[in-house]
Amino acid sequence: MYQKKHQAICRKILTNKRKTFDAGKQRATDSDIPYAATKKTLQIYTGQIRPQDEKSKYKKPNWRERHQSLIKSIREARSVTQAIKSGGPLPKFRPTEIPSDYVECPYCNRNFNQHAAQRHTPL
Ligand SMILES: [Zn+2]
């Protein structure tokens, strides 16, 4: 019950944040300053920063870790199928592993990557 309510709140925040995010672009478009001339874009143009640099503020996704956990879950799924086929004991259920760079929302206990978590949970 509460969780559902919270998810609605979170969604609201998410929508608001998106609007705020677009406001910067909107402002630049409305003014006589071309959007391309805004500081960050200029820095990208001049090669001072790369577009990806913005993302590097967040912890880089550990693709190796994710790859490993993907392989693991495939193996586990396979062993369950095997156990069902052979009538043997089912392997112990293990919840899906969440990558270490994921953040759990303290309110609704859903997990988000760093970027999504920032948008989802007001810090
Ligand atoms: Zn939440």
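Mentor: Happy to! Let's start with D101, which is buried, with a relative accessible area of 4% (buried means under 20% relative accessible area, exposed over 50%, and partly exposed in between, using a 1.4 Å probe and protein chains only). Before going on, note that this is a predicted model, where local features need pLDDT of at least 70 and side-chain atom pairs count only at pLDDT 80 or more, while totals for chains, interfaces and linings use all residues. Residues are numbered from 1 along each chain as its sequence is written, and side-chain values use heavy atoms, leaving out hydrogens and water.

D101 sits in the loop between α3 (63-86) and β1 (103-104); helices (H or I, at least four residues) and strands (E, at least two) are DSSP runs numbered from the N terminus. The side chain of D101 makes a polar contact of 3.0 Å with that of R66. Such a contact is a pair of N or O atoms within 3.5 Å; within protein, one must be able to donate a hydrogen and the other to accept it, and residues adjacent in sequence count only if both atoms are side-chain atoms.

E97 is also found in the loop between α3 and β1, but E97 is partly exposed, with a relative accessible area of 48%. Between E97 and S73 there are 8.6 Å in space, C-alpha to C-alpha, although they are 24 residues apart in sequence.
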